[in-house]
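Open the structure in your viewer and keep the sequence beside it. The tour below goes from one selection to the next.

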Amino acid sequence: MRLFYKYFLLIFFLPLHFLSQEIDSSKIECKYLITFLIDTANTNTLKKENASLLIGTHTSLFKSDQKQIADSLTLISVEKSVSNPVNGRIEINTSSVPTAKFKPEVLYSGGKITIYDEISKEHYNFEAPNKIIWKFENETKIIQGYNCRKAISKYGNKLITVWYTEQIPIQDGPYTFKGLPGLVLEAYDSKDYFHFSLMGLKKIKKPIGKLPFGIDTTYEKFYKKRKEKMDDPLGSFFNTFGRPAPKNSEERIIKNIRSINNFLD
Amino acid sequence: MKKLLFVAALGVVGLVCAKNTEETKPTKYSVKNTEKIKPTKEETKQQYCQTYTMVCWCDNSKDVNDTVCYEYDSPSDRRRAFACMGENSSLYNEYQCGSSSY
């Protein structure tokens, strides 16, 4: 009878455990300001975007707030254009709709960090490429009233500095900068091409939303695909729109695509 | 008996956890270069094809037409088609004008 009871518990409660992992909710929401360049050769391309890090029991998700806003505003704009044709033409003008420039979304789940990113119209997801080994420094500073300690790490060909606080013992942070003895409040690379600053945090229960559908791939394949776009912007134009780029725009298209060249990975 | 119970337990766990394995594939939209303005209905697939102009914000002479098709009776498909129109227009401007705000 005791054995039956044991298996009864196993049958009914183990599935519930798995289900609860699927629909995780946040315990804390951290708001960060991301400051970054689009083109590393042009300081006029500096952008600022707000991002959220939703931290749950088993999962966390870091993404730009601008993305959701841009998607819904774009849809409203398109619906408006479709119902108000100009001289019988439906004109889609996205110039007034703000777009998200910080594209990657980072999901932490079950000890694995997955990056969701896009190249033109294709969405991909892949495991974070760089294993971070933090080196702890002696420097300290106060950020938003929290005592913070400094740590550094190599990240691909970048040197990343983070400031974390043990007063919030959550091993999470913006982008893939996690695994420290406390929450990361500030992070940046040595050239300051990317800078993440905590703006605020609050205890809030929010569903950690579904991620977009993405093609499951590896970082190496994603990197190769992105490089192909940079190397051959006209080929990429053809693949995206199903037609060759206009002859008199070729030079401009090449310049525009190559000017989007700042990637954190 | 023990083994039987264990196998039964694993079976149930497997069934419950396999509930979300169905992959949702993105809707494919045909993009044609056409001058048609009014929506047309394809009788067999019951699809409407909507032609629209992607406005090039930095150079009016670079405006181009595109077409998306969607199932007329499906609000979610229509919504996805509209999202696709927005995404295409943004991307077109990214190629033609660079990042839209600089």
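This is a predicted model: local features need pLDDT of at least 70, side-chain atom pairs count only at pLDDT 80 or more; totals for chains, interfaces and linings use all residues.

Select chain B. Chain B holds 2 helices and 3 strands, and along the sequence their order is α-β-β-β-α. Of its 102 residues, 23% count as buried. Take the contacts in chain B between residues at least 6 apart in sequence: 51% of them join residues at least 24 apart.

Now select A:Val162, A:Tyr164 and A:Val184. These residues have the most contacts inside the largest nonpolar core, which has 39 residues. Stay on A:Tyr164. Neighbours within four places in sequence aside, its contacts include A:Cys148, A:Arg149 and A:Ala151. A:Tyr164 also contacts A:Gly173 and each residue from A:Leu180 through A:Leu185, namely A:Leu180, A:Pro181, A:Gly182, A:Leu183, A:Val184 and A:Leu185.

Next, select residues 233-241 and 250-258 of chain A, which are helices H4 and H5. How far apart are the axes of helix H4 and helix H5 of chain A? The axes are 9 Å apart, and the packing angle is about 95°. Angles of 65 to 115 degrees count as roughly perpendicular, so H4(A) and H5(A) are roughly perpendicular to each other.

Finally, show the side chains where the two helices meet. H4(A) contributes A:Pro233, A:Leu234, A:Ser236 and A:Phe237; H5(A) contributes A:Glu250, A:Ile253, A:Ile254, A:Ile257 and A:Arg258. The residues of this contact divide into 6 nonpolar, 1 polar and 2 charged.

Note on methods:
Residues are numbered from 1 along each chain as its sequence is written. Chains are lettered from A and ligands numbered from 1 in the order in which they are written. A nonpolar core is a set of buried Ala, Val, Leu, Ile, Met, Phe, Trp, Tyr and Cys residues joined through C-beta atoms within 7 Å. A residue is buried if 20 or more other C-beta atoms lie within 10 Å of its own, exposed if 12 or fewer, and partly exposed in between; C-beta atoms are placed from the backbone. Two residues are in contact if their C-beta atoms, placed from the backbone, lie within 7 Å. Helices (H or I, at least four residues) and strands (E, at least two) are DSSP runs, numbered from the N terminus. Axes are lines fitted to C-alpha atoms, for helices over the stretch in contact, and angles run from 0 to 180 degrees between N-to-C directions. Angles under 35 degrees count as roughly parallel, over 145 as roughly antiparallel, 65 to 115 as roughly perpendicular and the rest as oblique. Ala, Val, Leu, Ile, Met, Phe, Trp, Tyr, Cys and Pro count as nonpolar, Asp, Glu, Lys and Arg as charged, and the others, Gly among them, as polar.
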